[in-house]
Protein chains: 2
Amino acid sequence: MAVVKFSRQREAIRKNLIRRCDHPTADMVYQDIRKEYPNISLGTVYRNLSLLAELGEIQKISTVSGPDRFDGMTAPHDHFTCSQCGCMLDFPLADGEKQLQKQVGKAFAGRIDGQVVQFFGLCPDCLKKQEGSHISNENNI
Amino acid sequence: MAVVKFSRQREAIRKNLIRRCDHPTADMVYQDIRKEYPNISLGTVYRNLSLLAELGEIQKISTVSGPDRFDGMTAPHDHFTCSQCGCMLDFPLADGEKQLQKQVGKAFAGRIDGQVVQFFGLCPDCLKKQEGSHISNENNI
DNA sequence: TATGATAATAGTAATTATTACTAATAATGG
DNA sequence: CCATTATTAGTAATAATTACTATTATCATA
C-alpha cells in the first residue's frame, strides 16, 4: 500500500538473512544484528521480516513447534527439520513436485495459489550420534 | 513413558475431534467441550490434544499464521488453507506424493520419517464471492 | 470392595512469540 | 532546506501455549 522507504535496519536484516543458511528465527536475527546496531528493536526485526516476506525478498517458514523461521533463499525449494536438534536444512525440489498443485487442483472448485512441502526426521549429525549410541549400548550391556 | 489412564475429558476431546471436520483450534475444541463439561480447563484440552497427537490418534497441523489446528482423521491426506477466510479443507493424497519422501531421501545422509504437504489459495466459497464482486464492479463503474 | 499408587484434572500463574502504540528520528521529493 | 511521511526504539499489550499445584479420578491388587 504505502511507499516503502529505505532503512539501514531493514537492509541489515535482509543482508543478514541472505548471508546465513541456518533458517534463523526472528530472535536469532535480532541477536546477530544487535552486534552492528545495538539499539535495534526486536519489533523492528519482526516488522521488517514480515515486510520482506510480503515483498517476496525472503521466505517465512512456519514450523510444527517453535517460532517461525526465515529463509533468505527465494528460489523454490523444500525444507527438512530434524526432530532431534531442531535444525532446518534446504532440500532441492523433488521431481514431479511442481505437478502436485496442478494435479490436485483439477478436482477442486477453489483456486490453488501455492504449496508447501516439508520433511522431517533425523539430520545426518543426529543420525550418526544415535547409531553410535546404539552400538556402544550393545557393547556395554 | 508413563502409563496412560483413561479420562472422560480426553475421551470427549477425542470424540469431538473425530465428529467434526473443520480442523478446529484448541480453543474451538474447548468451547465445544465446555457444553458437556462446563468446568473443563483449557490446559486440559491442550494437554490432551498433544497427548492424542503423540499417540497417533489425531493429527496436529501447524499453520503459516494463527494457532495450531487439529484433525481427527489420521489416514494420510493433505490440507488446503484458504488465505481469505482461513478455513482448512482436506485434500486426498496426490498421485506420486508418497514417492516424494523416498526420492528425496536417496541423496540425504540423514533419515526422513515423514512429510507434510500443504496447499493454500482461495476456497470455493471465497473464490465465488471474489468473482461475483469483480463482475458487479465492472457493471458499476 | 477397600486401598494405595499414580495419572489426570481444574484453576491459575508464567512463558513464549508476536503485534500494537507512540513520540522521536530518518528518508525522500520538491 | 523544508515538508511530508515512513521508520524506528522503546514499551505495553495480546495471543497461544505451557507449567505448577492441590485435589480428584483411575485402576491394579489385596
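These legends walk through several close-up views of a predicted model.

View 1. Let's start with how chain A and chain B sit relative to each other.

**View 2. Where chain A meets chain B.** Here we turn to the contact between the copies, to which chain A brings 30 residues and chain B brings 31 residues. On the side of chain A that touches chain B, at least two residues come from each of helix 4 (97-105), strand 5 (111-122) and helix 5 (124-140) of chain A. Which element gives the most to this side? That is strand 5 of chain A, with twelve residues. By residue type, this side of chain A holds 15 nonpolar, eleven polar and four charged residues. The copies meet through the same surface, because 100% of the interface residues of chain A are also interface residues in chain B.

**View 3. Strands paired across the two chains.** Follow strand 5 of chain A and you will find strand 5 (residues 111-122) of chain B paired with it in the antiparallel sense, over eleven bridges. For one bridge to look for, pick out F119(A), whose partner in strand 5 of chain B is Q115(B).

**View 4. Strand pairs inside chain B.** Now stay within chain B. Strand 3 (residues 78-82) of chain B pairs with strand 4 (residues 88-91) of chain B in the antiparallel sense, and four bridges join them. In this pair, H79(B) has D90(B) of strand 4 as its bridge partner. The hairpin of these two strands has five residues between the strands, and G86(B) takes a positive phi near 80° there. Strand 3 of chain B also pairs with strand 5 of chain B, this time in the parallel sense and over four bridges. There, the bridge partner of T81(B) is F120(B) in strand 5.

**View 5. The surface near DNA strand C.** The surface near DNA strand C divides into ten nonpolar, twelve polar and six charged residues.

Notes. Residues numbered from 1 in each chain as written. Chains lettered and ligands numbered in written order. Predicted model: local features only at pLDDT ≥ 70, side-chain atom pairs only at ≥ 80, totals over all residues. Contact = placed C-beta atoms within 7 Å. Nonpolar A, V, L, I, M, F, W, Y, C, P; charged D, E, K, R; others polar. Pairing = 2+ DSSP bridges.
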